Amino acid sequence: MIGNIYLIRNDNKKVVPALCLQKEEQIVIMGQIRTANEIDIFNTQTRDEMENYNRGRKGKEQIKIRKKYEVNTVFIGQPHGLKSKSVVMVNKLHKIKLYQVIKQIAQVSDEIVVQCINLVDHVQRLSELKRELHVLKKKSQLAQINNEKYQDYEKRIGQIIEQIGYKNAEYRNERPFLNYREVPSSGYIKIYRGGR
């Protein structure tokens, strides 16, 4: 059953195609499938091929290269039984019972199933890191307001940003007074003496 693509009835009573990723007695975990678009097919190439294709093209003509934290689909091609090239969306998993499986429509290799399971783990890890990042940013801001030490929070925030793959913009500590109200250092200081 693992590695087969089925039509299933999900909890919203909709019939959707899905790839079987895991089976536990009467419960099955399925990853929903959708038709692959131009970006999905483009991102199956190596990084060098993608950059060579985009080189010299202006912004709107370039096809977007996904960042590490944006990858949430696995390209499965067009196995016999599907109408078009497709991808498995690992952020749309369905935990269903066996009676909700309608019929088998195609089959994929074990290699694709392993890729999907690895990507599911990766996406879940990234979501945990993003939640932790959100909490740490709030703690850091609260510590700044209360004039407490927050360097440990900033250090951990930097580590998480690096692990996720966001651009690390450490500009806060370079500015004087840590982004609080600053004494004007350029131009004229206007003094209003009241009156009309």
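Let me start with a term: a residue counts as buried under 20% relative accessible area, as exposed over 50%, and as partly exposed in between. Take Tyr69 as a test case. Its relative accessibility is 26%, so Tyr69 is partly exposed. Keep in mind that this is a predicted model.

Now the overall layout. The chain has 4 helices and 6 strands. Along the sequence they run β-β-β-α-α-β-β-β-α-α. Of the 196 residues in the chain, 31% are buried. Now look at contacts between residues at least 6 apart in sequence. Of these, 58% join residues at least 24 apart.

Next, the nonpolar cores. In soluble globular proteins, nonpolar side chains tend to be buried together. Here the largest nonpolar core has 16 residues. Which of them touch the most other members? They are I5, L19, I76, V108, I112 and C116. At least two residues of this core come from each of β2 (15-24), β4, β5 (86-97) and α3 (110-145). The largest share is from α3, with 5 residues. Let us zoom in on C116. Leave aside its neighbours within four places in sequence, and C116 is in contact with L19, L21, V74, V88 and V90.

On to α4. Which residues of α4 are buried? They are I157, G158, I160, I161 and I164. Just after α4 comes G165, with a positive phi of about 110°.

That brings us to backbone angles. Most residues other than glycine have a negative phi. K13 is not a glycine, yet its phi is positive, about 65°. K13 sits in the loop between β1 (4-9) and β2. With 66% relative accessibility, K13 counts as exposed. N147 is not a glycine either, and its phi is positive, about 60°. Its place is the loop between α3 and α4. N147 is exposed too, at 72% relative accessibility.

Last topic: aromatic rings. A search of the whole structure finds 2 aromatic pairs. In one of them, the ring centres of Y69 and Y166 are 4.6 Å apart and the planes are at 75°, so this pair is edge-to-face. Where do the two partners lie? Y69 is in the loop between α2 (47-54) and β4 (73-77), and Y166 is in the segment after α4 (151-164), so the pair ties together parts that are 97 residues apart in sequence. We began with Y69 as partly exposed. Y166 has 29% relative accessibility, so Y166 is partly exposed as well. One more ring to find: Y53. R57 lies over the face of Y53, at 4.1 Å from the ring centre.

Notes
Residues numbered from 1 in each chain as written. Predicted model: local features only at pLDDT ≥ 70, side-chain atom pairs only at ≥ 80, totals over all residues. Heavy atoms only, no water. Phe/Tyr/Trp six-rings, centres within 6.5 Å; stacked < 30°, edge-to-face > 60°. Buried < 20%, exposed > 50% of the residue type's maximum accessible area, 1.4 Å probe, protein only. Lys NZ or Arg CZ within 6 Å of the ring centre and 35° of its normal. Core = buried A, V, L, I, M, F, W, Y, C linked by side-chain atoms within 4.5 Å. Contact = heavy atoms within 4.5 Å.
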